[in-house]
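Subject: Structure handover

Hello,

Here is the structure for your files, with notes on what was found in it. Please read the notes alongside the model.

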Amino acid sequence: MTNRGTELAASSRRQRRKDLPAAAPHPSAPIPVQGPGVGAGVRVPLGDAGAAIFPLILGAAEFGWNVDLESSHAILDAYAELGGNAVHTADTYSSGRSEHILGQWVHSRGLRDDVVLMVRVGGHPDNPGLGPVDLVRSVEASLSRLRTDRIDVLTLDATADSLTALEDTLATAEWLAEAGKIRALGGVGYTAAQLVEARILSSAGYPRISVLDVPFNILRRHEFDADLRLVASAQGMSVTASHALEHGFLAGRYRSRTRGGLSARGAQLAASLNRRGTRVLRALDEVGADLGLPDAAVAVAWLLAQRLVTAPIVNAYAPEHVEELVQGVGVHLSRAQLAEIARAAE
C-alpha cells in the first residue's frame, strides 16, 4: 500500500472509532481496531439461515482448557482482524467454559451481528442426548453462557444419542427455530440413511439439516465415505471439515514421539507418526516450499480444494497460528500438487 493509501486507511479507522459510541473497556483485553478485517470480502454461503462465512471456521475447543481467557480473546481478535466471522464451539468443551469465553468476547467487542456462532449439543452431562427436554435445556444453557438470544447453527451430535427418534429431535428443533433461538440446523455423526430420513421429514415441515460436520483431513478420509458424500451432494449440504489438522499433526510441528510427550494430545499425535504420516508431512513440506506457505496452510488449502467442503474447522493455540492458517484460504493448489499429496496419503 502507498503512503497515501496508508494515510487514508488510518484516517478511515480513526473516523470509525469517533463515530462509535463510547463503551467501558472489558477487563480481558483491549478493544481491537474497529472496521472490517482484511478478508471481510471473502465469504461462502453456509446452511439455510442465509449466513455467509469466511471459508475457515475457528474452533474453540481449546478455549478454557489449554488456552486461557486472555489468550483465547487474542486468538479471536486476530481471527476477526483477518476477516474471520464464524466460530465453532460445543457445550461439552471445557464443561461450558469455552462458551463462556466466546460469549464474553462477542459481547465485549460488540460483534454479535457480525459473528456466526456454531454450537454442537447433545453430549453435556447435565443435559445428555437429543430428547425434547434435554435439547431445549442444552440450547438455553448455551444461550446463557454465550450471552446471546440465538444460535446461528445448532449442530446435533448424533453420536451422543442413539435412542431418541429423529422425528422427535427435529420437532424440538422446529420449536426452537420458531422461537427464534436457532437459525439453522447442522448434524454430526449421522449416517447417510439418517440424513435421508431427515430430508424426508423436512418435506413434512420439519427443519432441514443443512450443515454436515464430518471429521475429515488428508490422513482421515474414511469417515466421509461415498454414501455420505452422495447424500451431502444430493441435498446441497454445507460440509464443515472438523479435525482439519488431525489434532495438530498436519501443522508439521511434531515429527517425533518425544516432542509430543505423554499427554492425551501427545498420544493423538503419536498415532499419526508412522510411515504414511511422515510421507504426508514431506509432501506438505514440498508444496509449502514451492508456494511459500507453512504446512498448516497447505492442509487447509487441500481441504478447500475438495469439492464438497465449504470450510474446515481449525483450532488455534496462539494468534500466530491463525495467521498461518488463514494463508491457506487464498491458495489454489494445482492438480500436480493435489496429486502429490494424494500419493503420499495412500
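Two strands count as paired if DSSP finds at least two bridges between them. Helices (H or I, at least four residues) and strands (E, at least two) are DSSP runs, numbered from the N terminus. This is a predicted model, in which local features need pLDDT of at least 70 and side-chain atom pairs count only at pLDDT 80 or more, while totals for chains, interfaces and linings use all residues. Residues are numbered from 1 along each chain as its sequence is written, and side-chain values use heavy atoms, with hydrogens and water left out.

Eight strands, in the order 3-4-5-6-7-8-9-10, close into a barrel with parallel pairing. From one strand to the next the twist averages 30° (axes are lines fitted to C-alpha atoms, and angles run from 0 to 180 degrees between N-to-C directions). Strand 4 (residues 86-90) and strand 5 (residues 116-121) run parallel and are joined by five bridges. His88 has Met118 in strand 5 as its bridge partner.

Core. A nonpolar core is a set of buried Ala, Val, Leu, Ile, Met, Phe, Trp, Tyr and Cys residues joined through side-chain atoms within 4.5 Å; buried means under 20% relative accessible area, exposed over 50%, and partly exposed in between (1.4 Å probe, protein chains only). The largest nonpolar core has 100 residues, of which Leu154, Ile218, Leu250 and Ile341 touch the most other members. Helix 11 (residues 295-304) gives the most to this core, with eight residues. Leaving aside residues up to four places away in sequence, Leu154 touches a set that includes Val119, Val121, Leu135 and Leu176 (contact means heavy atoms within 4.5 Å).

Helix 7. Leu228, Val231 and Ala232 are buried in helix 7 (residues 226-234). Seen down the helix axis, the buried residues of helix 7 fall within an arc of 100°, so they line one face (the arc is that of the directions from the axis to the C-beta atoms). On the other side, Ala226, Leu230 and Ala234 are exposed. The buried residues pack against helix 6 (192-202), strand 8 (209-215) and strand 9 (238-242). Gly236, with a positive phi near 65°, follows helix 7.

Most residues other than glycine have a negative phi. Arg147, in the loop between helix 4 (132-146) and strand 6 (151-157), has a positive phi of about 60°. Glu246, in the loop between strand 9 and helix 8 (257-260), has a positive phi near 50°. Arg147 is partly exposed at 45% relative accessible area, whereas Glu246 is buried at 12%.

Regards
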